[in-house]
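Here are some notes for a colleague who is opening this structure for the first time. They are arranged as numbered points, to be read alongside the sequence and the model.

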Amino acid sequence: CEAAWPPLSANVVAGDGIDGGLLGSAPRNGGADQATYNGWPLYYFASDAAPGDVNGQGVNDVWYVLDPTGNAIGLDG
């Protein structure tokens, strides 16, 4: 799974429109920390080629892009 969805390292800085107070981290197996936003773990999608690509959006009803407030876009429930 990590080949398609590599975790984002916990060393991130909030960009424009992002609430730095929602950034955090969570420990992963092996000792590395993963970045979180509003409690959600953050991942890349290996098939995205450029910033702004969201080709993994909604894959298997599991993987979702987060909005600036930290809520999953398109997650029903």
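**Notes on the predicted model**

1. In this predicted model, the side chains of Glu2 and Arg28 come together in a salt bridge, with an N to O distance of 2.5 Å. This pair connects distant parts of the chain, since Glu2 belongs to the segment before strand E1 (23-27) and Arg28 to the loop between E1 and E2, 26 residues apart. The count of salt bridges comes to one.

2. Thr36 lies in strand E2, which covers residues 33-37, and its relative accessibility is 9%, so Thr36 counts as buried. The side chain of Thr36 reaches the backbone nitrogen of Ser25 at 3.3 Å. Leaving aside residues up to four places away in sequence, Thr36 touches Leu22, Leu23, Gly24, Ser25, Ala26, Pro41 and Leu42.

3. The largest nonpolar core consists of six residues, namely Leu8, Ala35, Tyr37, Leu42, Leu66 and Ala72. In soluble globular proteins, nonpolar side chains tend to be buried together.

4. Which residues does Leu66 touch, not counting those up to four places away in sequence? The contacts of Leu66 are Tyr37, Trp40, Leu42, Asn71, Ala72 and Ile73; Tyr37, Leu42 and Ala72 are also listed, with Leu66, in the largest nonpolar core.

Definitions and conventions
Residues numbered from 1 in each chain as written. Predicted model: local features only at pLDDT ≥ 70, side-chain atom pairs only at ≥ 80, totals over all residues. Heavy atoms only, no water. Core = buried A, V, L, I, M, F, W, Y, C linked by side-chain atoms within 4.5 Å. Buried < 20%, exposed > 50% of the residue type's maximum accessible area, 1.4 Å probe, protein only. Contact = heavy atoms within 4.5 Å. Helix = DSSP H or I, 4+ residues; strand = E, 2+ residues; numbered from the N terminus. Polar contact = N/O pair within 3.5 Å; in protein donor to acceptor, adjacent residues only side chain to side chain. Salt bridge = Lys/Arg side-chain N within 4 Å of Asp/Glu carboxyl O.
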